[in-house]
Amino acid sequence: MSAASDAELIVRIAGGDRLAMQGLYARHATAVFRFLVRLLRDASLAEDLMSDVFFDVWQQAGRYEGRASVTTWMLSITRFKALSALRRRPHEPLEPETAEALPDEADTPETVLQKAGKAAALRRGLAALSAEHREVVDLVYYHELGVEEVAQVLGIPAGTVKTRLFHARKRLSELLLAAGIDRGWP
């Protein structure tokens, strides 16, 4: 199964091959889950949507046209499911116990400088980016998609992807500099 390309697996899935579906799931489940978690910021909801995403892949495999890579196609389905879930999510007030348990992220500059590691500062910087910028960074750097593929996943022009990526990098650089981290990574 591991020798079959994603496109070959999709053709087999379109023919009802459950083993091919298992192989595709094994190959992409982690990336899809991580993408969902980053978009939703809720691991439990991400787990719930995983089955929806792969069920859609199963149902829509016959409509896959090969204009984008299978990964790009699947991440497009994933993004649509996540955005739909976010629109349906009720905006309920937090329980007092939950609100008190949330960490205070309004650190002073001294506290930020004292926190351990560049990786933690980078994660905080990514979290501070707008949703559009964080999404582009996630697809380019974590899912290793090219500009054209990101444009297809997000349904926007490639030029817009490049612009968002430029501004995301610039903002992230500013945030890291403010946290006492320069551009030099050892």
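## Asp56 in helix H3

In this predicted model, Asp56 is found in helix H3, which covers residues 43-60. Its relative accessible area is 12%, and because the cut-off for a buried residue is under 20%, Asp56 counts as buried.

When the neighbours within four places in sequence are left aside, the residues in contact with Asp56 are Ile77 and Lys81. With Lys81 there is also a polar contact, made from side chain to side chain at 3.1 Å.

## Thr72 in helix H4

Thr72 has its place in helix H4, a run that spans residues 70-88. Which class does Thr72 fall into at a relative accessibility of 1%, buried or exposed? Thr72 counts as buried, because its value of 1% lies below the 20% under which a residue is given that class.

Not counting residues up to four places away in sequence, Thr72 touches Leu145, Glu149, Gln152 and Val153. Of these partners, Glu149 and Gln152 are among the residues that fall within the range of helix H9, given as 147-154.

## Two loop residues with positive phi

Arg41 lies in the loop between helix H2, which runs over 18-40, and H3. Although Arg41 is not a glycine, its phi is positive, at about 55 degrees. The relative accessible area of Arg41 is 52%, and since exposed means over 50%, this residue is classed as exposed.

Glu144 is located in the loop between helix H8 (131-142) and helix H9 (147-154). Its phi is near 55 degrees, again a positive value in a residue other than glycine. With a relative accessible area of 68%, Glu144 is exposed.

## The chain as a whole

What does the secondary structure of the protein chain come to? There are 10 helices and zero strands, and read from the N terminus on, the order of elements is α-α-α-α-α-α-α-α-α-α.

Of the 186 residues in the protein chain, 36% count as buried, and Asp56 and Thr72 are examples of buried residues. The protein chain exposes about 11600 Å², of which carbon and sulfur atoms supply 54%. Among the contacts in the protein chain with a separation of 6 or more, 61% are accounted for by residues 24 or more positions apart.

Conventions: Residues numbered from 1 in each chain as written. Predicted model: local features only at pLDDT ≥ 70, side-chain atom pairs only at ≥ 80, totals over all residues. Heavy atoms only, no water. Helix = DSSP H or I, 4+ residues; strand = E, 2+ residues; numbered from the N terminus. Buried < 20%, exposed > 50% of the residue type's maximum accessible area, 1.4 Å probe, protein only. Contact = heavy atoms within 4.5 Å. Areas by Shrake-Rupley, 256 points an atom, 1.4 Å probe, with all protein chains shown as cover. Polar contact = N/O pair within 3.5 Å; in protein donor to acceptor, adjacent residues only side chain to side chain.
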